[in-house]
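Dear colleague,

My notes on what was found in it follow directly after.

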Amino acid sequence: NVLAHVPDLNDFVGGVKILMKPEGIATFEFPHLEKLIAENQFDTIYHEHFCYFSATAIDAIARRHGMIFFDVEELPTHGGSLRVYLAHEGREERAKAVTDLLAREERAGFKSLAIYEAFDEKVKATKRKLLSFLIAAKDSGKTVVGYGAPGKGNTLLNYCGIGPDFLDFTVDRNHHKHGRFTPGTHIPVLPVETIDEAKPDYVLILPWNLKKEIVAQMKHIGEWGGKFVVPIPETTIIDPRDAA
């Protein structure tokens, strides 16, 4: 879980090759760009990540440094991740899983600009849809609060321009965040119990990758007619009474 955080990718991978014994294997794990684009996970793009990798990019960087990208696992973490395995060139046979994944990405267009241009438009449309919902909710007198104060949530809030004019507050289970504010948008971060006191009409789930757990933990908001809002991949309303 380091590769996405590396500012000089070639220097880092070149160093890994130097460190590896002739029979050595290097493994890296990172969010998969294919999933990021397919599921519109633009809010996972934030400051601590220098790169967002496809299998195609990993294959290219491995070749550049005299290594083979020989095996891969597709994992559910962070909205969909890859765990890749690299070895010195000629030391390992490429697994069918790698060949299939590279072919899948080529069919999807990962070697052209069109897929990234389409993603750009999809992100803009998502922003408009979320803001339209929030404006309509506030104009009709509804109360809206947030759940969570994660890094991805701050990307979403700042990109969409969502501040305390839309969210009265957000809550988090991490007590170290209580009494503080979301960076840039200055929304108060309060304890989870504040939701029960405020009884809002809508709870915007910012860590959408944990939506199942959050809905299960907070399904009691349905007792006063509260509903959940999930912004990614597009604005979706969840009635906890239906989810139950």
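Phe 28 counts as buried at 10% relative accessibility, where buried means under 20% relative accessible area, exposed over 50% and partly exposed in between, computed with a 1.4 Å probe on protein chains only. Please bear in mind that this is a predicted model, in which local features need pLDDT of at least 70 and side-chain atom pairs count only at pLDDT 80 or more, while totals for chains, interfaces and linings use all residues. Residues are numbered from 1 along each chain as its sequence is written, and side-chain values use heavy atoms, with hydrogens and water left out.

Because Phe 12 lies in helix H1 and Phe 28 in strand S1, the pair ties together parts that are 16 residues apart in sequence. Helices (H or I, at least four residues) and strands (E, at least two) are DSSP runs, numbered from the N terminus.

Helix H1 itself covers residues 9-19, and its buried residues are Leu 9, Val 13, Gly 14 and Val 16. Seen down the helix axis, these fall within an arc of 155° and so line one face of H1, the arc being that of the directions from the axis to the C-beta atoms. The face of H1 turned away from that buried side carries the exposed residues Asp 11, Ile 18 and Leu 19. Among what covers the buried residues of H1 are strand S1 (25-31), helix H3 (55-64) and strand S2 (67-75), with contact taken as heavy atoms within 4.5 Å.

Turning to the nonpolar cores, each is a set of buried Ala, Val, Leu, Ile, Met, Phe, Trp, Tyr and Cys residues joined through side-chain atoms within 4.5 Å. The largest has 41 residues, of which Tyr 147, Ile 162, Ile 195, Met 218 and Phe 228 touch the most other members. At least two residues of this core come from each of helix H2 (33-38), helix H5 (114-139), strand S4 (144-147), helix H6 (151-160), strand S8 (202-205), helix H8 (211-217) and S9, and the largest share, eight residues, comes from H5. Apart from this core lies another, of 22 residues, among them Leu 3, Val 13, Phe 53 and Ile 61.

Phe 228 deserves a separate look. Phe 228 lies in strand S9 (residues 227-230) and is buried, with a relative accessible area of 0%. Not counting residues up to four places away in sequence, its contacts include Val 203, Ile 205, Ile 214, Met 218 and Ile 238. The C-alpha atoms of Phe 228 and Tyr 147 are separated by 9.4 Å, although these residues are 81 apart along the chain. Met 218, with neighbours within four places in sequence left aside, is in contact with Tyr 147, Arg 173, Val 192, Ile 195 and Phe 228.

As for the strands, seven of them form an open sheet of mixed pairing, in the order S6-S7-S5-S4-S8-S9-S10, two strands being paired if DSSP finds at least two bridges between them. Strand S6 (180-181) and strand S10 (236-238) are the edge strands, each pairing on one side only. S4 pairs with strand S5 (residues 170-171) in the parallel sense over two bridges, and Val 171 in S5 is the bridge partner of Tyr 147.

Most residues other than glycine have a negative phi, and most peptide bonds are trans. Ile 232 and Pro 233, however, are joined by a cis peptide bond with omega about 5°, and Pro 233 is found in the loop between S9 and S10. Asn 40, in the loop between H2 and H3, has a positive phi of about 60° and is buried at 0% relative accessible area. His 186 has a positive phi of about 55° and is found in the loop between S6 and strand S7 (188-190), but His 186 counts as exposed at 53% relative accessibility.

With best regards
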